[in-house]
Each structure stands twice: as structure tokens, then as C-alpha cells.
Amino acid sequence: MLKAKDSISYSSIVPDRHLGSQLTLLVALGMFVMVLSVSIGTSIIINQSLTNKFIQNGKNITGVLAKQSSLPVLLRSPAFAKQAREVVHSFPSVAQVAIYELDDVLLAESGDSIPWVELLLLDTDDDTVAVLEHDGQDYWQFSSPVQSDSAEPELEDLEATRKQEQKIGRVRVLIAKDQ
């Protein structure tokens, strides 16, 4: 038979095992929550980093098109704009390209027939760089002014000074987000 002493020791062992399993479960659950939160945080950071990189690449592509479009815009020639458009379409995920003259008159357009999102033009301090015009669900829409030299470089102390540039048009690039 069981003595009182044996029953006490038996009952004290059962709660200890139960307490041990509770502590093990608590530690395992805590580690799971920590791993899950670190995974979610890392995923968000990587997603934001890649998005910023894609947006910067879109601005660079739009800047390249703007530089290559100055002669076609000056000559008002859609035929000359073809080469600039072809270069930009060689970049991945470029869906649509448009080149405009100064008064937003469409000079040339190629690619998909997706309607452009028209935005109110805001006056910015630096209107010489490409900007992200619209961040849509499926596409990023970029815009950049087309610049032209307005004067020959002036010589001062045998050094050429910075050229004065003038806005003569603008370009737009639509880049798909499904890269």
C-alpha cells in the first residue's frame, strides 16, 4: 500500500512535470513568435528596398530617354524619335514611352496603349530630373523634362563655364511592376 509519504512525493512529481512542459511550451512559443516577427520585418525591409531600387532604375531610364530625345524634339521629327524609343524599350518591363513637345503636344508614342494618368503639374525647385509621377497598382509612371542647350559655353580664364539649358519638352515612361 501507499503510505502518506509516498503519495505526497508522487503528487509533487506530477505538477513538476506539468510545470516543465508548460515552460517548454512557453519558450517554444516565444521563439516561434520571435522568428515570425523577424521574418515579417525582414520581408518588409527587403520589399521596400527592392521597390526603391526599381523606382530609381525607372528614373534613370526616363533620364536616358530625355537626353536622347532632345534632337527629335528640336527637329519635331517622330522619325528621329524612333531610335530613342527603341533604346528605352530594350530595358526590362518598359511598357510604354511617350515624347512630348514643349506645349505637351505628343510627338511620338510607342508600346502598350495604356492611358497615361494626367496629374496637375506642380512647380518644383529642380525641374531637370526625372520624377515618379504616379505609383499605380500595376505600373509606375515616370516623367522627365527634355533639355536643350540655349547658348554656347562661355570662356572665362580659359575654362568653360556651365551650359545654360532650356526645357523644350518632356518624356514619359510607363514601367510594369511585374518584374
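Contact here means heavy atoms within 4.5 Å. The legends below describe close-up views of a predicted model.

View 1. F142 is placed in strand β4 and, at 0% relative accessibility, counts as buried. Residues up to four places away in sequence being set aside, F142 touches I55, G58, K59, T62, V131, L132, E133, V171, R172, V173 and I175.

**View 2. The aromatic pair F54 and W140.** A search of the whole structure finds one aromatic pair. The ring centres of F54 and W140 are 6.2 Å apart and the ring planes stand at 35 degrees, so the pair is tilted. Because F54 belongs to helix α1 and W140 to strand β4 (residues 139-149), the pair ties together parts that are 86 residues apart in sequence. The two partners may also be described by their accessibility: F54 is partly exposed, with a relative accessible area of 29%, whereas W140 counts as buried at 4%.

**View 3. E133 and its partners.** E133 is found in strand β3, which spans residues 131-135. Its relative accessibility is 16%, and as buried means under 20%, E133 counts as buried. The side chains of E133 and Q141 are joined by a polar contact of 2.6 Å. When neighbours within four places in sequence are left aside, the residues in contact with E133 are L119, Q141, F142, S143, R170 and R172. F142, the subject of View 1, likewise lists E133 among the residues that it touches.

**View 4. The nonpolar surface patch that includes I44.** L29, F32, V33, L36, I40 and I44 form a nonpolar patch on the surface. Together these residues have about 590 Å² of accessible area. I44 is found in helix α1, which covers residues 4-68. With a relative accessibility of 55%, I44 counts as exposed, since exposed means over 50%.

**View 5. Positive phi at R76.** Most residues other than glycine have a negative phi. At R76, phi is near 55 degrees, a positive value in a residue other than glycine. R76 is placed in the loop between α2 (70-75) and α3 (78-89). The relative accessible area of R76 is 60%, so R76 is exposed.

**View 6. Positive phi at D104.** D104 has a phi near 60 degrees, which is a positive value in a residue other than glycine. The loop that holds D104 runs between β1 (94-101) and β2 (106-111). D104 is partly exposed, with a relative accessible area of 35%.

**View 7. Overall context of the close-ups.** The chain has three helices and seven strands, and these follow the pattern α-α-α-β-β-β-β-β-β-β along the sequence. Of the 179 residues of the chain, 26% count as buried. Among contacts between residues at least 6 apart in sequence, 58% join residues at least 24 apart. The chain exposes about 12900 Å², of which carbon and sulfur atoms supply 59%.

Definitions and conventions: Residues are numbered from 1 along each chain as its sequence is written. This is a predicted model: local features need pLDDT of at least 70, side-chain atom pairs count only at pLDDT 80 or more; totals for chains, interfaces and linings use all residues. Side-chain values use heavy atoms; hydrogens and water are left out. Helices (H or I, at least four residues) and strands (E, at least two) are DSSP runs, numbered from the N terminus. Buried means under 20% relative accessible area, exposed over 50%, partly exposed in between (1.4 Å probe, protein chains only). A polar contact is a pair of N or O atoms within 3.5 Å; within protein, one must be able to donate a hydrogen and the other to accept it, and residues adjacent in sequence count only if both atoms are side-chain atoms. Patches are made of residues with over 30% relative accessible area and no salt bridge: like charges are joined within 9 Å, nonpolar side chains (Val, Leu, Ile, Met, Phe, Trp, Tyr) within 5 Å. Accessible areas come from the Shrake-Rupley method with a 1.4 Å probe; for residues, only the protein chains shown count as cover. A salt bridge is a side-chain nitrogen of Lys or Arg within 4 Å of a carboxyl oxygen of Asp or Glu. Rings of Phe, Tyr and Trp (its six-membered ring) pair if their centres lie within 6.5 Å; planes under 30 degrees apart count as stacked, over 60 as edge-to-face and the rest as tilted.
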